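I opened this model to learn its layout. These are my notes, in the order I looked things up.

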Amino acid sequence: MLRGIPDFWVLPTEDGGHRITSAAFNRSSEARDKHRGMSLGAKKILECTGMTADQWAGGRFRAIVCFPVSDLRVVGAKVGWDPMPEDPAHCGAWGSLPKSLRKRLARDADRCFLPLV
């Protein structure tokens, strides 16, 4: 799975690097999504359409985090394809995501920081 991380969830570190806050893995607010899901991208769907993760990010995100769907399913989250007209690879994760999982994803998941646009 891919999670696009907007600039406001990327913080500078003392050594001049960057880190992602665990808030980047919170569910959406009810005002934004009545089902309160966490938006994701399906890497396999992108690969099938010939799109790269950088193209998918399309200047929308400061970082992209990649992790296996099993990280979500092991805590009981439901994950499914939820395509949107502008994002055919869009997926959602629904259910409670424990703080420990959000912290681990923020700290340990594979990531790529993108240039500011």
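**Entry 1: Arg 62.** I started with Arg 62, which sits in the loop between α2 (53-57) and β5. Helices (H or I, at least four residues) and strands (E, at least two) are DSSP runs, numbered from the N terminus. I noted that this is a predicted model, in which local features need pLDDT of at least 70 and side-chain atom pairs count only at pLDDT 80 or more, while totals for chains, interfaces and linings use all residues. Residues are numbered from 1 along each chain as its sequence is written, and side-chain values use heavy atoms, with hydrogens and water left out.

Is Arg 62 buried or exposed? Arg 62 is buried, at a relative accessible area of 12%. The scale I used calls a residue buried under 20% relative accessible area, exposed over 50% and partly exposed in between (1.4 Å probe, protein chains only).

I then looked up the partners of Arg 62. Its side chain makes a polar contact with the side chain of His 18, at 3.2 Å. A polar contact is a pair of N or O atoms within 3.5 Å; within protein, one must be able to donate a hydrogen and the other to accept it, and residues adjacent in sequence count only if both atoms are side-chain atoms. For contacts in general, I counted heavy atoms within 4.5 Å. Neighbours within four places in sequence aside, Arg 62 touches residues including Ile 5, Pro 6, Asp 7 and Val 10. Cys 112, Phe 113, Leu 114, Pro 115 and Leu 116 are also among them.

**Entry 2: the whole chain.** From the N terminus, the order is β-β-β-β-α-α-β-α-β-β-α-β. The radius of gyration is 14 Å, close to the 13 Å that the globule rule gives for 117 residues, so the chain is as compact as a globular protein of that length. That radius is taken over C-alpha atoms, and the rule is 2.2 Å times the number of residues to the power 0.38. The C-alpha atoms fill a box of roughly 40 × 35 × 30 Å along the principal axes. Buried residues make up 38% of the 117 residues. Of the contacts with a separation of 6 or more, 64% join residues 24 or more positions apart.

**Entry 3: strand β7.** Next I followed β7 (residues 90-94). Of its 5 residues, 4 are buried. Which strands pair with β7? Strand β4 (residues 38-41) pairs with β7 in the antiparallel sense over 4 bridges, and β6 (residues 78-81) also pairs antiparallel with β7 over 4 bridges. Pairing needs at least two DSSP bridges between the strands.

**Entry 4: the cores.** I looked for nonpolar cores, meaning sets of buried Ala, Val, Leu, Ile, Met, Phe, Trp, Tyr and Cys residues joined through side-chain atoms within 4.5 Å. The largest has 22 residues, and Ile 5, Phe 25, Leu 40, Phe 67 and Leu 72 touch the most other members. β4, β5 (63-66), β7 and α4 each supply at least two residues of this core. The largest share, 3 residues, comes from α4. A second, separate core has 8 residues, including Ala 57, Phe 61, Ala 89 and Leu 114.

I checked Phe 25 in more detail. Leaving out residues up to four places away in sequence, Phe 25 touches Ile 5, Ile 20, Met 38 and Phe 67, among others.

**Entry 5: salt bridges.** Last, I listed salt bridges, where a side-chain nitrogen of Lys or Arg lies within 4 Å of a carboxyl oxygen of Asp or Glu. The count is 4. Asp 71 and Arg 104 form one of them, at 3.7 Å from N to O. That pair links distant parts of the chain, with Asp 71 in helix α3 (residues 70-73) and Arg 104 in helix α4 (residues 99-108), 33 residues apart. Asp 71 is buried at 15% relative accessibility, and Arg 104 is partly exposed at 32%.

Glu 47 and Lys 44 form another, with the closest N and O atoms 3.7 Å apart. They are 3 residues apart in helix α1 (residues 43-49), about one helical turn. Glu 47 is partly exposed at 46%, whereas Lys 44 is exposed at 61%.
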